[in-house]
Amino acid sequence: MDIGTLLHDLIFDYTLRTVALGAGVLGIVSGALGSFAVLRRQSLLGDAMSHAALPGIVISFLITRSKAPLPLMLGALVAGWLGTLAIMSIVRTTRIKYDSALGFVLSVFFGAGLMLLTFVQRLPDARQAGLDTFLFGQAAALLQRDVITMSILGGAAICILALFWKEFKLLSFDIEFGASVGFPMRLLDILLTTLIVVAIVIGLQAVGVVLMSAMLVAPAAAARQWTDRLGLMVAISAAFGSLAGVVGAVMSSMVPRLSTGPTIVLCISAVVLFSLLLAPNRGLVWNWARHQRNRRKLRLEAVLSDLYVLASQHEDQDHSHSIAVLKAMNRGQGGVKRSLDEMEARGWARQVQPQEWVLTSSGREEASRLHQDQEEVER
Amino acid sequence: MTDPVEKHPNEENFPAISVADLTVAYQDKPVLWDVDLEVPAGILLAIVGPNGAGKTTLIKAVLGLVSPAAGQVLIYGRPYAEQRRMVGYVPQRGSVDWDFPTSVLDVVMMGRYGSLGWIKRPGRQEHALALEALEKVGMLPFADRQISQLSGGQQQRVFLARALVQDAQIYLMDEPFQGVDATTERAIVTLLQALRKDGKTVVVVHHDLQTVSEYFDWVTLLNVRRVASGPVGQVFTEQNLRQTYGGRVAFLRNGADEGGNGGLHAGVAKDGTGSTSIIPDPGRTERS
């Protein structure tokens with residue numbers, strides 16, 4: 001399929017349009033709220049919340065006997081919340097640490113959810129068909145009414161986030177200072193956590209409970225690489241989330257039997273990988289290049305300084321020195337020859353005969369300036 | 001600001017901070033035990049004591065950040081919740097994530113959030129106040145810097161600027177001198193003196209016993225219980241220090257021994273060369 005047809009279908013084909021819109025919405029919401037989850041070091045809490053949502057979905061179906069989006073999402077919301085509450089109370093009332101409580105709640109809720117799911121699937125009720133897509137997600141199964149529900153919930157979550165932006169920033173950066181100036185930090189914590197649960201619930205149908213937390217963490221982690229401003233980070237994260245969501249969902253609905261959740265997660269992982277490697281300042285490639293540059297500079301300065309010291313031990317400024325001596329002085333450092341070549345290129349040193357080097361007058365100036373700088377630093 | 005700090009009609013008659021019978025316990029372990037403390041307005045007070053003495057907890061209890069098992073705290077005669085605007089807070093520098101994606105100016109403006117109240121965003125006025133405060137701590141050139149690019153001392157000064165824009169009457173500072181460079185230490189001392197000149201009350205958790213008499217008017221010696229509290233000249237004595245730190249203080253005396261217990265403060269303050277000095281035993285008082 002060429003791009004033109006794809007664009008045409010995105011606008012006019014019901015299924016494809018619904019899928020793309022749904023994935024876009026879930027990407028924006030989870031990307032924006034995920035930024036806060038990541039900055040508050042609650043990434044794993046998202047994982048526990050999404051797994052904990054499964055029994056809520058199934059119980060909600062058992063009660064209503066319908067797959068209308070709102071009751072199912074409500075069930076997921078309540079269960080996700082209960083899971084979070086369970087983790088908090090375990091940490092508060094027992095000696096069990098946060099990570100253990102998290103793992104414990106996640107597996108208990110998820111186990112209960114799976115059990116209920118297999119139970120429901122044996123019911124002689126055709127309406128349960130497709131409930132298992134909540135495990136790995138099935139964007140192609142999204143209906144227009146699902147997307148509308150997702151958009152309303154997500155829109156509300158984003159509005160609340162924008163409204164309490166200042167308070168949430170304070171909550172994420174300095175909770176005690178926030179409390180000291182009079183904001184009810186526990187209440188704000190509950191509100192933000194609720195919004196994060198909403199973001200998860202919105203994505204469950206398309207991405208599935210197993211991998212939904214990736215949509216919370218990955219866009220935010222990638223966005224952090226590109227900016228040092230909270231507002232920009234949230235915006236970039238939302239953009240990455242929706243991009244990966246749309247691309248992954250469209251891919252999975254065009255290829256038969258391709259689960260949406262894993263496809264979307266692979267897309268966002270590609271974005272993360274790209275950002276980790278190539279983002280300016282924080283990217284690994286960038287860091288490596290900076291490191292190399294610094295190392296070359298330090299090596300060069302070491303050789304320059306050594307030649308200067310050697311020269312100062314001789315009356316004759318033009319007395320040349322063997323590269324072997326310099327190599328011995330920079331044992332374990334290597335790169336002496338390359339440093340000398342670089343110095344020659346800059347006009348700081350010249351080779352008087354094979355393997356014999358001497359500083360030029362501008363090289364001597366440079367070296368004495370270097371020594372003065374170092375003395376100042378030491379002081 | 002249209003909402004200036006409302007002064008209590010009898011403000012003059014109340015101490016800036018009064019703490020009565022304060023007991024705080026984490027689980028079953030008491031951190032503060034029956035502490036009474038009166039801080040008169042307009043003084044620079046140092047709180048000193050060994051690690052685990054409850055210095056930070058005392059400050060947090062005053063701010064209502066930890067709930068006491070018993071006792072009460074009054075700010076100018078009224079509970080903290082009614083007097084928030086009168087109190088500025090400088091937490092320990094290490095209590096936040098300095099890799100948080102925000103700028104120096106943004107952090108300083110957080111000091112205005114309390115006055116702004118819900119939802120309202122900082123505007124032009126907050127911007128101006130923040131810049132002014134940054135100037136006072138010598139950090140104006142760093143206003144747009146990302147906070148992770150700051151040195152420890154610079155981070156401390158940003159926190160001080162944030163407290164300054166709170167425009168408070170009382171400042172509570174948790175170890176502002178901890179691990180800062182000489183420039184920052186001088187900046188903090190200058191700032192403390194400026195605050196005192198403006199009639200503010202400043203309470204500082206302090207670690208360096210050598211500078212207590214040089215920087216502060218009053219001192220509170222704390223080790224779970226309050227050992228002593230009062231003007232440095234009267235309270236900062238060898239006997240009180242020994243009682244506070246147990247055997248953990250080494251007293252070094254060089255030159256002429258002045259004898260009496262009260263000589264410590266006088267010795268340090270008079271000639272400044274440290275004819276008498278007190279140094280905590282580094283092996284045991286180092287922070288854990």
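How many helices and strands make up the secondary structure of chain B? Chain B comes to 12 helices and 11 strands. Helices (H or I, at least four residues) and strands (E, at least two) are DSSP runs, numbered from the N terminus. The model is predicted: local features need pLDDT of at least 70, side-chain atom pairs count only at pLDDT 80 or more, and totals for chains, interfaces and linings use all residues. Residues are numbered from 1 along each chain as its sequence is written, chains are lettered from A and ligands numbered from 1 in the order in which they are written, and side-chain values use heavy atoms, with hydrogens and water left out.

Chain B has 288 residues, and 51% of them are buried. Buried means under 20% relative accessible area, exposed over 50%, and partly exposed in between (1.4 Å probe, protein chains only). The accessible surface of chain B is about 12700 Å². Carbon and sulfur atoms hold 47% of that surface. These areas come from the Shrake-Rupley method with a 1.4 Å probe; for residues, only the protein chains shown count as cover. Among contacts in chain B with a separation of 6 or more, 69% join residues 24 or more positions apart. A contact means heavy atoms within 4.5 Å.

In chain B, three strands form an open sheet in the order β2-β1-β4, with antiparallel pairing. Strands β2 (29-39) and β4 (70-75) of chain B stand at the edges. Each has a single partner strand, so one side of each is left without a neighbour in the sheet. Neighbouring strands of this sheet are turned by 20 degrees against each other on average, direction ignored. Two strands pair if DSSP finds at least two bridges between them. Strand β1 (residues 17-26) of chain B pairs with β4(B) over five bridges, in the antiparallel sense. T23(B) stands opposite A70(B) in β4(B). Helix α1 (residues 55-62) of chain B lies across β1, β2 and β4 of chain B. This helix runs at about 120 degrees to β1(B). Axes are lines fitted to C-alpha atoms, for helices over the stretch in contact, and angles run from 0 to 180 degrees between N-to-C directions.

Over all chains, the structure holds 19 salt bridges. A salt bridge is a side-chain nitrogen of Lys or Arg within 4 Å of a carboxyl oxygen of Asp or Glu. In chain B, D217(B) forms a salt bridge with R196(B), the closest N and O atoms being 2.3 Å apart. This pair links distant parts of the chain, 21 residues apart. D217(B) is in the loop between α8 (212-215) and β8 (218-223) of chain B, and R196(B) is in helix α7 (residues 182-197) of chain B. D217(B) is partly exposed, at 24% relative accessible area. R196(B) is also partly exposed, at 31%. R78(B) and E82(B) meet through their side chains in another salt bridge (3.5 Å, N to O). R78(B) is partly exposed at 24% relative accessibility.

In chain A, R145(A) forms a salt bridge with D146(A), with 4.0 Å between the closest N and O atoms. R145(A) is partly exposed at 41% relative accessibility, whereas D146(A) is buried at 2%. A network of salt bridges links R224(A), D228(A), R282(A) and D99(B).

D306(A) is found in helix α14 (residues 284-312) of chain A. D306(A) is buried, with a relative accessible area of 13%. Not counting residues up to four places away in sequence, D306(A) touches L326(A), M329(A) and N330(A).
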